[in-house]
Amino acid sequence: MSDIRNEAEAKPNATSKPPLDPHLKALENEAIHIFREVAAEFERPVMLYSIGKDSSVLLHLARKAFYPGRVPFPLLHVNTGWKFAEMIEFRDNIVKEYDLDLIEHVNPRGAAENVTPFSHGSALYTDIMKTESLRQALDAGKYDAAFGGARRDEEASRAKERIYSFRTPDHRWDPRNQRPELWNVYNGMIRQGESVRAFPLSNWTEVDIWRYIQAEDIPIVPLYFAKKRPYVERDGMMIMAEDPRLELLPGEVKQEGVIRFRTLGCFPLTGAIRSNAETLDDIIAELETATVSERQGRAIDRDQSGSMEKKKREGYF
Amino acid sequence: MTVSATATAEVLPLEEPARAIRDSRPLRLITCGSVDDGKSTLIGRLLWDTKAVKEDQAATLHRDSGKQNDLGLPDFALLLDGLQAEREQGITIDVAYRYFSTDRRSFIVADTPGHEQYTRNMATGASTADLAVLLVDARAGILEQTRRHATIASLMGIRQFVLAVNKIDLTNYDRARFIEIVHDFKEFALTLGVKQITAIPISALKGENVVYDGRASMPWYDGPTLVETLEKATTRSNQTVGFRLPVQRVSRPGESFRGYQGTVAGGSVKPGDSVVVLPSGMVANVTKIVTFDLVRNAAVAGDAITLVLDRQVDVSRGDMIVAIDSQPMTGRGFDAQLVALQPDGIEPGKRYWLKSGSRRQRVTVEPVSQLDLKSSKWNAADKLGMNAIGKVHLTFDEQAIFDTYEQNRTTGAFILIDPDTNNTVAGGMITGRRSELGGIHKDDQRVLLSLPADLAEKIMATELFADRRHDVDVRHTSAGRAAEVLADLDE
């Protein structure tokens, strides 16, 4: 096979990079361990790939875990049809460059009924285009394990997730009845139809992700870096205004400003931040003095307290 | 009493955080203790005072808190109890992992439930912690649940304890009460073999002796605050036994490459080292340690690697590659301590799945004794109920490979899985090869030779014994452990 590199070819990877700091090294080791364990214990694993910074780190770790072999499972992108154009372009380049198997799924019902964040509201749109769509894709592929890039520091109900998160055949998460998870001995035993969501980045924080991206020189979508971009202000958020499907509401004006994204999702639901951070150093420095959390720009988290838990119980990722 | 000092302390900014990249792993800690002792409030206070709560989160918290306490602070417990059911019932059901840092160090804290029915989640948090903060309500003192949690934490190898005597403000900062509780706990902790205890009088609600000191209210206490104690604590020490690599998967991307992937669970390895593959006993030499970045000169405990050997040997998932001169125990019968985590407890004679490292095999569990948390005595028992802490015999269908938990926390630990439900029903720690003479499997009959350990190792290192090494088990035993074994035999 062409993807096997021998010792001589492997060495250039090392370049003159300084060694990882022990904290990041430990997180990396833990994630690799989880990847290998899931790949060995389950018959049909898949990796959920959302093109964001966490997905980029997750993919990098997967490549490390199975080197010198190929990543032994496909990537699944649940596309809502409302991602930033730059994200899709980035995705296609990465898939080509790393020789990955990508499965893209769009909920056919949502597409047929033309479900949009504008016509249906963020909650119903998310339910149909993300939760329902993910369940369709997982069922269609008969996947028994799905890797995800969720971190425990993101949100209160995510802080309660196990690394192996057990799901019933209808993809439900029962937070009150999770399996005990001791040491790094994971219980991968499931019955037909049941599945596990596996979270190799559970113990990473937002700053860890950025430091690791910097240390490992991992490619990320350029939207994370500050640049002059068009936007409109809506519901207290700065919404990118480059997609022709975004119709200006009465009183709204298209503006231009130096903005960037701290987190990436669907463009109508993801607010930008004012920032001059053009490099990874800038981003890390900005983060260390940030007074608001990462997800403050995400509309779907704000529907009501506990809404992430509700979505997850229904099978949302 | 005065609260002015803490009210001021609350608005004081922390020192500017250091920009330097952290140079060590974060300290992992658990908070445990009985329900209503204020664990979630304490961690909420830690997060609040170390500025880990961001403005938007604080706003949500203020909104959800409804009626605020008389200090004008939100209900900190809501930061941790993120599940709907937890908020409805005002209790913690599942472990929440939270991250915070000071200018000196970063921390991962597992907030674990106090309710007895959720002991399994407390054990989940304890299994990876370096330190346990044991909360006690100053008015209630040491309760059975406090003892259960301290015992589980201790069994799981936690050696550093902080006794946080909380709600000290509700006793009017009574020094005598504090000393009484510390005395009670120390007496109990001695039976667990816990040596390192830091006792701190705390008001989590008011933030006294958590991040900021409580001198204004408690001039009689001149010890460290909780955060100072955590900053000075040590992470779990490295394993003492030789090289261990539980094989997770065999990497065969093509004809020209065959590597064994896993995480080093103890010791270290370098190219040229001789290793043994267990259970087959085949010997080989390491030619390469492969990682994505480079071909390495060495790997140590914790490293996720791919090992290449110099000859064709039969290795599959679940096998263990180990140092030739320091091998784990192998056999069909082991002794262990375990914590039963599910309502059905542990049934004698039932065949469970046991998973340790990457190895999963069938095992029969025979309960021997159960710990009575009131008297700290091990009483004979033939079954173990929910949350019971017991000593058991394990009997395997085929060769099992172990170290003691004391020697190696990866190769000495296991979980039991109920084959009927697939649920994790117990966490266990190996204490040694099966001690009961009558129960030894007939394949496992051995001749015991008593020699000074160093002499035994010298003999085993000679060429004469080179191919018999896997038949011989050389173990060091302290005088104390020898006395314990003899005492067990007398019973």
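A polar contact is a pair of N or O atoms within 3.5 Å; within protein, one atom must be able to donate a hydrogen and the other to accept it. Keep that in mind for the boundary between the two chains, where this tour starts. One thing to know before you click: the model is predicted.

**Stop 1: the boundary between the chains**

Color chain A and chain B separately, then select the residues where they meet. You will find 87 residues of chain B in contact with 74 residues of chain A. Together the two chains bury about 6600 Å² between them, and 51% of that area is on carbon and sulfur atoms.

How many residue pairs are in polar contact between chain B and chain A? With both residues at pLDDT 80 or more, the count is 24. To see which part of chain B supplies the largest share of its side of the boundary, select residues 55-65 of chain B: this is helix α3, and six of the touching residues come from there. Taken as a whole, chain B's side of the boundary has 29 nonpolar, 32 polar and 26 charged residues.

**Stop 2: salt bridges across the boundary**

Five salt bridges run between chain B and chain A. Select A:K64 and B:D293 and show their side chains. These two form a salt bridge, with the closest N and O atoms 3.1 Å apart.

Move on to B:R317 and A:E37. Here the closest N and O atoms of the salt bridge are 2.8 Å apart. B:R317 sits in the loop between β15 (304-309) and β16 (320-323) of chain B, while A:E37 belongs to helix α2 (residues 22-41) of chain A, so this pair joins two chains. Is A:E37 buried or exposed? It is buried, with a relative accessible area of 2%. B:R317, at 25%, is partly exposed.

**Stop 3: salt bridges within chain B**

The whole structure holds 42 salt bridges over all chains. For one inside chain B, select helix α8, residues 175-192, and look for B:R177 and B:E180. Their side chains meet in a salt bridge at 3.2 Å, N to O. The two residues are three apart in the helix, so about one helical turn separates them. B:R177 has a relative accessibility of 18%, and the cut-off for buried is under 20%, so B:R177 counts as buried. B:E180, at 41%, counts as partly exposed.

Then select B:D310 and B:R311. Their side chains also meet in a salt bridge, 3.1 Å from N to O. B:D310 is partly exposed at 35% relative accessible area, and B:R311 is partly exposed at 40%.

**Stop 4: two buried residues**

Select B:T124, which you will find in helix α6 (residues 119-126) of chain B. B:T124 is buried, with a relative accessible area of 1%. Which residues does B:T124 touch, leaving out those up to four places away in sequence? From chain A come A:R162, A:P180, A:E181 and A:L182, and from chain B come B:V95 and B:Y97.

Now jump to A:F42, in the loop between α2 and β1 (45-48) of chain A. At 5% relative accessibility, A:F42 counts as buried. Setting aside residues up to four places away in sequence, A:F42 touches A:D144, A:A145, A:Y164, A:G188, A:I190 and A:V196. Try the distance tool on A:F42 and A:I88: they are 46 residues apart in sequence and 29 Å apart in space, C-alpha to C-alpha.

**Stop 5: a sheet in chain A**

Switch to the cartoon view and find the open sheet of four strands in chain A. Its order is β8-β7-β9-β10, and the pairing is antiparallel. At the edges are β8 (237-240) and β10 (273-274), each of which pairs on one side only. Highlight residues 227-234 to see β7, which is joined to β8 by four bridges in the antiparallel sense. Within this pair, A:V232 stands opposite A:I239 of β8.

**Last stop: chain B as a whole**

The chain has 11 helices and 23 strands. Of its 491 residues, 55% count as buried. Among contacts in chain B between residues at least 6 apart in sequence, 70% join residues at least 24 apart.

Note on methods:
Residues are numbered from 1 along each chain as its sequence is written. Chains are lettered from A and ligands numbered from 1 in the order in which they are written. Side-chain values use heavy atoms; hydrogens and water are left out. Two strands pair if DSSP finds at least two bridges between them. Contact means heavy atoms within 4.5 Å. Buried area is the accessible area (1.4 Å probe) that two parts lose on being put together, summed over both. A salt bridge is a side-chain nitrogen of Lys or Arg within 4 Å of a carboxyl oxygen of Asp or Glu. A polar contact is a pair of N or O atoms within 3.5 Å; within protein, one must be able to donate a hydrogen and the other to accept it, and residues adjacent in sequence count only if both atoms are side-chain atoms. Ala, Val, Leu, Ile, Met, Phe, Trp, Tyr, Cys and Pro count as nonpolar, Asp, Glu, Lys and Arg as charged, and the others, Gly among them, as polar. Buried means under 20% relative accessible area, exposed over 50%, partly exposed in between (1.4 Å probe, protein chains only).
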